[in-house]
Amino acid sequence: MSKPLSGIPLGGIGTGSVELRADGRFYEWQIFNNPPWSGGALLLPWAGEEILDPDDCYFAIRVKGQDGEPKVRILASKEKSEIDRLYANPFLKNIDGIKYVGEFPFVKIDYKTDLPVNVRLDAFSPFIPLDVKNSALPVGIFTFTVKNLSSEELEVSFLGGLVNPVGKGVRKSEAVNKVTQSDQFTAIEMTAKNLPQDHYQSQGSLVFACLKTGHQVVSYRGYQYVVPELTGSGSSGEEYWRMLQNTGELDNKDRTQPPLLLTLLQGLPDLAQSLSKMASAYTAFPKEVQSILEAGLVPNVPEFEESIASDLTLQTDPKKRWVFILEQRLRHSPEAMKQYEEMVSQRPEIEKDPREKQKVLEKILPPPKLMISLPKQKGPQGLLCSKFTLSPSAEVKVSFMLSWFFPNHIAPDGSEKMGHMYENWFSGALGVAEYVAKNLVQLRERSEAFHDALYGSNFDYWLADAVNAQLTTFVKSSFYVKDGRFGIWEGLGCCGLQTLDVTYYGSHPVLLFFPELQKSEMKMTARSQLTPESRRYHEYFIAFPKNKKLFEEYVKNDPTILKDKAKRLKVYREITAKTGQDATGRIPHMFPGTFNAVDAYHMIDLMPKFALLILRDYLWTGDKKYLEEMWPHVKTAMDHNLSLDEHGILLPYHYDRSLTDTYIASQTYDVWDFLGYSAYVSSIWLAALRATSQMAKLMREESYAEKMDDVYAKARTNMEKLLWNGEYYNLWHDPPSGKTNYYCMADQLSGQWFANFLKLGDILEKDHITSALKAIYKYNYHPEAGLLNGALPKRFANKGSETTGGLGELVSPSLQRDNPWTGTEYAVASLLIQEGFVREALTIVKNVYDRYQRSGMTWNHIECGGHYYRAMDIWAVLTELEGLNYNAHEQKLTFAPRINEDDFKSVFVLPTAWGIVTQTLEAASQSDTIKANEGNLAISKVLIKTPLGKPDVKVMKGSTKVTFKQPKPEKGSLEIELEEAATIRTGETLRIEITSL
């Protein structure tokens, strides 16, 4: 099989991860604080530091019948390694095939073998909605199930091996393996000595363990040498394979002897670099090894051998023999001979002193080109083996565990030691293993419960699988540092963490699954909001042309302004009073691999997106303290964007960046230049105005709410007037220049998408929304490519595809315009569902799923880098298909399935509870249930969609009847207000029965 390109990552939130892929091997070991997880990757899916190779962690099985020969199979697909073993250890073979099913957080592998058993692997790391700690464990668990298919008793062993990678490549470091026995497991703890304190693996540990059960015998080798170049010859010390074949066990040695040849060559770390480094090692070698080296050292072997035969001293004294070799090399090196003769003429004593002569010759002679190279030794391998007997038709499980602890997580620029959240819970990898072993049953059951609920939904498998695939980003791309700060890479190791314009899309499941993490992200962003005290305030203040012109006049009159901060701040205030344009309130773009600095404040869409995110977070969690803390930042951000309106349109203005020193009017499509007023940012702005008005009312600032409402009314009118073309909203229009871009943008109604989440109503004309969505599907969707970000209808071709006005000269706009972004495709799909275009939405989502599955990238969606954060917004597709919305402020749950209305079942996740929702609908009856698998869900109101007229309603919490006020049917919906709030706790169900009278 070809090398698989993606797989399920094992690990926890913020812990780093390793991928188990469809060939049974392990890839992208990013648990050591190494790149790209730690930062530094560019636009490639993978541009990191490989600490372990795919074969450095492996499993094998041995099966022996009562009278038969034992068979050993490595549990990975066939590779060149099996060809190498045709001469040495030919009994050691790979399995014949693999059936791989990746359903986060689980990997299920069925191995095809020629053995009389069925072998299956279930690997996972705990992932449990609402339980951050148990979803942030640095661990992977591997459980093998073997079933006897024969009619005789079998002897079965599972072997696991892991190379110690700690300190790899660090000079003078020494890898250390220590065996630990407990009632729970036999473990090999891997560390390293002599690591520099600033090395990313410093103070780190890795544990490979085999869990104990009553009927299994666990054996080990704590320290097994591995020399990859020698494995084919059988001289690498891999006699443990023979031991496994013969006995099915290991010999419980803490340390083994290195291979003979390796021992002999350890004195040659730089074999081909200099003669002086070779001398001491050569003289210590036995003759048989010396002769191997001499074949490459001496220029004339027959002549050399004749000389040795005629001189007994040369035969017995390796030091003299070495000098003789140097003399032979000198005779055949004219340049060195000339240099040597000059040196001797100046210093005749060189010829008389053998030691001095040796030093001179080693210095001036060119290094030899030897016929052998120094084998590369990997870190010591730890081996574990579990042996047991298996009766006919019986089944046994064997579990291995990998845990890690690498606290030296340092920002890429070295500015801070961030560490990991898991440091607050554990002191090393052994402690992680002990905790997980003790709690393994419930960790597995709770993780399985969520997995089964998602895949147990009664819509097509591909849809559940598409939604599930993007949850891998939680593990693959997140930072969760010791002090609780949290962020997700925009692309793995690329761009930055907590990129706000991408958080606007991808953070829906973050808030629903782990609300404390989302609120942590937003508070961190708010703390970095731009103020006159910020280091980079000046850069953005003078980015406004009017501000820059006035500031230059001030400085011309008084140059001391530049160095006197108090004067400078005063000038800022004076200029702002004149121009009305202040940089205060701009929201930072992202955190570039560290949480104590931001990259820029250049995007115009960040301020309204910030406001929308804050209201969403509050409505879905009901956390009033959070709203109170964030409200001043929302006001400052929105007031700033109001200042970006020197033309009085009340919409954010995109400045021509060729006229400014700083690009202050970018947006998330940052190499697709907009000028003037754009549909994308304007729609988001309208939604943010509505959201800010609602927040102002919650904060009892009625006058500010009225201000937002007034701006919204005028801004909406202006957007319709400036951008509506009769079918959709033009990409942008610039009144000062009179230029218009007629591209149909897939994301032009992004503000409406978010407004629907927040129940803010239609922010634009309803018929325009409908028409624009039809146009997007008509022009932008292509079955062969997906939903393109931009498309130009033929009727506008003669008007020009890009009227630049100085734009588009720095970068080509086609990169983002003419291609699909998964996150945008999912956002538009969920908006289509909200607005009733379910078929079209599912067509788009299925196209994405097929496109990535065909390419082998199911778990790695690409935009600016791999494992892109924006694509996590597919969770919004699921919630919109469910018609599920929860307003924690009002304790109001809306449940109105948009597919399979007659028989619907799906998982739901809310910030306080997760569980399963169902609906059955018949001719005269309807039943809707909300079951909480975990958590507590307080409900005062339920809004149900029903086609039944004159309904009779009954509400039950378990077997208890719940009283409610008389419901009033309206437009096919029924809102039920309970007399008293009902709280559904873990395992409880709220059921609504509706019958037509």
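How many bridges join E27 to strand E28, and do the two run parallel or antiparallel? Four bridges join E27 to E28 (residues 892–895), and the two strands run antiparallel. The model is predicted.

**The five-strand sheet**

- Five strands make up an open sheet with mixed pairing, in the order E27-E28-E32-E36-E35.
- Strand E27 (884–887) and strand E35 (968–970) each have a single partner strand and stand at the edges, so one side of each has no neighbour in the sheet.
- On average, neighbouring strands of this sheet are turned by 25° against each other, direction ignored.
- Strands of a sheet pair through backbone hydrogen bonds, in either a parallel or an antiparallel manner.

**Helices H21 and H22**

- Two packed helices are described by the angle between their axes and the distance between the axes.
- For helix H21 (residues 606–621) and helix H22 (residues 624–642), the axes come within 9 Å and cross at roughly 160°.
- Angles over 145 degrees count as roughly antiparallel, so H21 is roughly antiparallel to H22.
- The crossing of these two helices, H21 and H22, is left-handed.
- H21 contributes Met607, Pro608, Phe610, Ala611, Ile614, Asp617 and Tyr618 to the contact.
- On the H22 side, the contact residues are Lys624, Tyr626, Leu627, Met630, His633, Val634, Ala637, Met638, His640 and Asn641.
- Sorted by class, the contact of H21 with H22 has 12 nonpolar, three polar and two charged residues.

**Helices H9 and H11**

- The axes of helix H9 (residues 334–346) and helix H11 (residues 354–364) cross at roughly 140° and come within 10 Å.
- H9 and H11 are therefore oblique to each other.
- The crossing of H9 with H11 is right-handed.
- Ala336, Gln339, Tyr340 and Met343 of H9 meet Lys357, Val360, Leu361 and Ile364 of H11.
- Six nonpolar residues, one polar and one charged make up the contact of H9 with H11.

**Aromatic pairs**

- There are 64 aromatic pairs in the structure.
- One of them joins tryptophan 753 and phenylalanine 757, whose ring centres are 5.1 Å apart and whose planes are at 65°, so the pair is edge-to-face.
- Tryptophan 753 and phenylalanine 757 both belong to helix H25 (residues 750–757), where a spacing of four residues separates them by about one helical turn.

Definitions and conventions. Residues numbered from 1 in each chain as written. Predicted model: local features only at pLDDT ≥ 70, side-chain atom pairs only at ≥ 80, totals over all residues. Heavy atoms only, no water. Axes fitted to C-alpha atoms, helices over the stretch in contact; angles between N-to-C directions. Parallel < 35°, antiparallel > 145°, perpendicular 65-115°, else oblique. Left-handed = near helix turned anticlockwise from the far one by under 90°. Contact = heavy atoms within 4.5 Å. Nonpolar A, V, L, I, M, F, W, Y, C, P; charged D, E, K, R; others polar. Pairing = 2+ DSSP bridges. Phe/Tyr/Trp six-rings, centres within 6.5 Å; stacked < 30°, edge-to-face > 60°.
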